[in-house]
Every structure is written in structure tokens, then in C-alpha cells.
Amino acid sequence: MFPTGVSSVYSACSDAAGITGNILAFVLFVSPIPTFKRILRNKSTEQFSGLPYIYSLLNCLISLWYGMPFISPGVILVATVNSIGAIFQLVYVTIFIIYANKPKKLKMSGLLVSVFALFVIIAYVSMELFDSQTRRFFVGCLSVASLISMFASPLFIIKLVVKSRSVEFMPFTLSLSTFLMSLSFFVYGMLKDDPFIYIPNGIGTILGIVQLVLYYYYSSKSGEGSREPLLDSYA
């Protein structure tokens with residue numbers, strides 16, 4: 001046990017890291033807005049894919065469930081950030097469905113129903129079949145798996161940058177925000193001694209560092225900046 005003063009500082013530091021992560025995550029949640037302004041303006045989804053927003057919605061719902069006090073006491077900031085994220089992703093998916101052509105509309109609607117059905121099953125199983133300790137482990141594993149699967153997007157962008165030798169599709173501000181958000185939640189997870197938080201965010205921090213190094217390397221070589229983020233591939 002820590003002395004009262006040390007414990008208070010420790011708690012304040014973990015809260016500060018979590019709040020910082022929430023703020024930086026909000027920056028990422030609003031980053032697709034230009035894409036959806038274009039969809040609303042043109043009344044068409046054009047060639048944009050709605051799948052990243054479906055995956056992000058599922059990820060946010062699972063992580064939100066993990067952060068609830070009756071699943072993982074003491075990590076409520078995980079629940080707050082993912083509740084906000086789930087709202088944003090649901091709005092994006094809804095707009096996409098409204099303006100998509102009929103085949104895409106049916107596909108996205110089916111996936112949206114599937115996401116909520118899967119979430120309901122996860123919630124029911126975790127509450128009805130497991131005790132509190134096993135419940136946390138079960139939902140935590142699902143949360144980690146979901147978060148790690150989301151790394152497909154930054155890996156794709158890293159591959160694209162190396163292949164094209166250009167940072168055109170990897171904007172510095174988005175890469176920096178992603179890195180700082182992952183770092184904040186990595187610190188938050190470490191201070192909370194929660195491997196289900198610090199393991200995936202530790203991986204995210206490493207990928208963020210790789211993106212920033214690649215940005216510095218290729219932007220200094222070519223002298224070019226980024227023009228428009230690859231918003232439709234954001235996860």
C-alpha cells in the first residue's frame with residue numbers, strides 16, 4: 001500500500017493520462033468529418049468504404065463494455081472515451097447507409113445489425129455465465145483482440161508510405177495524435193496495472209513511433225508535406 005500522499009499523486013497522474021487520452025481520441029473521432037461533409041454535399045458515398053467505421057463501432061462497444069465499473073472497476077475513463085467513439089461511429093455509419101447505393105446500403109445495414117447482435121451476445125454471456133474475475137478476463141481478451149485488429153489501418157498506411165516513398169496519405173497531425181493517444185492510454189494502463197489496456201496501447205505507441213519516423217524520413221527526403229488524410233481507411 002502507498003502512503004496517502006503518494007497514493008493521491010499516483011491517482012492524479014493516472015487520471016491525467018486517461019483524460020489526455022480521451023481528449024486526443026476525440027481529435028481522432030472527428031477526423032473523418034471532412035469525408036462525411038463530402039458525402040452529404042454530393043449525396044453519395046462514391047468510392048469510400050464504410051467498413052472501417054463498422055469495425056470501429058464494434059471496437060468501441062467492446063472496449064466500452066470492458067470499461068464499465070461492473071466489469072473492470074477503476075478504469076471508467078476507458079468507458080467514457082469509447083462511449084463517445086461509439087456515438088461518432090454510429091453517426092458515420094448511419095450517414096453512410098443513407099447515401100450508399102442499394103447493394104452497399106443492404107450490406108452496411110446487415111453489418112450494423114450484426115455488430116449490435118454480437119455486442120448483445122457478448123454482454124449476455126459475460127454477465128450470465130462468468131463470475132466477476134472471469135468476466136473481466138473474458139471481456140478484456142475480446143477488447144485486446146479487437147484493438148489489435150484495428151492496427152490493420154496504420155499498418156496499411158505504413159506499407160503505403162514505404163511503397164510510394166511519400167507521406168501524402170499520412171498527415172503529420174493525425175499520426176502525432178494517434179501516437180500521443182496510444183501513449184496516454186499506455187501510461188494510464190500501466191498506472192492502473194491493467195494489461196488489457198497497456199498491451200494494445202503499447203503496440204499502438206510503437207506503431208505511432210514508426211509512423212512519425214517514416215514521416216520525418218520521407219518528408220525530409222522528398223520535401224513534400226501531406227495533402228489529405230486517408231480518412232476512409234481510418235479505424
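A contact here means heavy atoms within 4.5 Å. By that criterion, residues 24 or more positions apart account for 78% of the contacts in the protein chain with a separation of 6 or more.

This is a predicted model, in which local features need pLDDT of at least 70, side-chain atom pairs count only at pLDDT 80 or more, and totals for chains, interfaces and linings use all residues. Residues are numbered from 1 along each chain as its sequence is written, and side-chain values use heavy atoms, with hydrogens and water left out.

Start with the whole chain. Nine helices and zero strands make up its secondary structure (DSSP runs, H or I of at least four residues for helices and E of at least two for strands, numbered from the N terminus).

Next, select residues 106-125, one of the spans that an unreviewed UniProt entry lists as "transmembrane region"; UniProt positions are in the numbering used here, feature names are shortened, and annotations may be inferred rather than shown by experiment. This span is 100% helix and 0% strand, with its end C-alpha atoms 28 Å apart.

Now select Ser-63, in helix H3 (residues 51-67). Ser-63 counts as buried because its relative accessibility is 2% (buried is under 20% relative accessible area, exposed over 50%, partly exposed in between, with a 1.4 Å probe and protein chains only). Finally, show its surroundings: leaving aside neighbours within four places in sequence, Ser-63 is in contact with Val-78, Asn-82, Ser-143 and Leu-147.
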